[in-house]
Amino acid sequence: KVVKHQNHGADDKQLQAQLKRLGVNNIPGIEEVNMFKEDGSVVHFLAPKVQAAVAANTFVVTGHADNKRLEELLPGIINQLGPDSLMNLKRIAEGFKAASGDQAAGGSGDDDIPDISKSFEEVSKEV
């Protein structure tokens, strides 16, 4: 059986020709692009090349992409979250709350810090 090896350089040239027909322009200064998936994961591009043809409602993002969990990108990604990602953020917060609740129940919490029911001034006068 003969396997034909395709030249991807030709595909790239054809793609660039079609994008040029659409009138895409480079958008400089984009540091990162994050695409949020429904399962809560994020496709994360660091220093991508971004092109846009606003009239055709077309955006092209090229570069190395990593699939990451939302937790890995927090807190720097909070300002990029929309209302659709709010449920994932709540799920993460509940996970942290449950983990801290387990830690407190296990006794490895703030045992060496006494409870202070008086004001700080009264306590400082007793010392």
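Student: How many helices and strands are there in the protein chain?

Tutor: The protein chain has four helices and six strands. Helices (H or I, at least four residues) and strands (E, at least two) are DSSP runs, numbered from the N terminus. Along the sequence they come in the pattern α-β-β-β-β-β-β-α-α-α.

Student: Good to know! What should I keep in mind about the model?

Tutor: This is a predicted model, where local features need pLDDT of at least 70 and side-chain atom pairs count only at pLDDT 80 or more, while totals for chains, interfaces and linings use all residues. Residues are numbered from 1 along each chain as its sequence is written, and side-chain values use heavy atoms, with hydrogens and water left out.

Student: What makes β1 and β4 a pair?

Tutor: Two strands pair if DSSP finds at least two bridges between them. β1 and strand β4 (residues 49-53) have three bridges, in the antiparallel sense, so they pass that test. I27 has V50 in β4 as its bridge partner, and N25 has A52.

Student: How do you know that β4 also pairs with β5?

Tutor: Five bridges join these antiparallel strands, and at least two are needed, so β4 and β5 pair. V50 has V61 in β5 as its bridge partner. The hairpin of β4 and β5 has four residues between the strands, and N57 there takes a positive phi near 55 degrees.

Student: Which order do the strands of this open sheet have?

Tutor: The order of the three strands is β1-β4-β5, with antiparallel pairing. β1 (25-27) and β5 (58-62) each have a single partner strand, so they stand at the edges and one side of each is left without a neighbour in the sheet.

Student: What makes the link between the side chains of Q51 and N26 a polar contact?

Tutor: A polar contact is a pair of N or O atoms within 3.5 Å; within protein, one must be able to donate a hydrogen and the other to accept it, and residues adjacent in sequence count only if both atoms are side-chain atoms. The two side chains make theirs at 3.2 Å, so the distance is within the limit.
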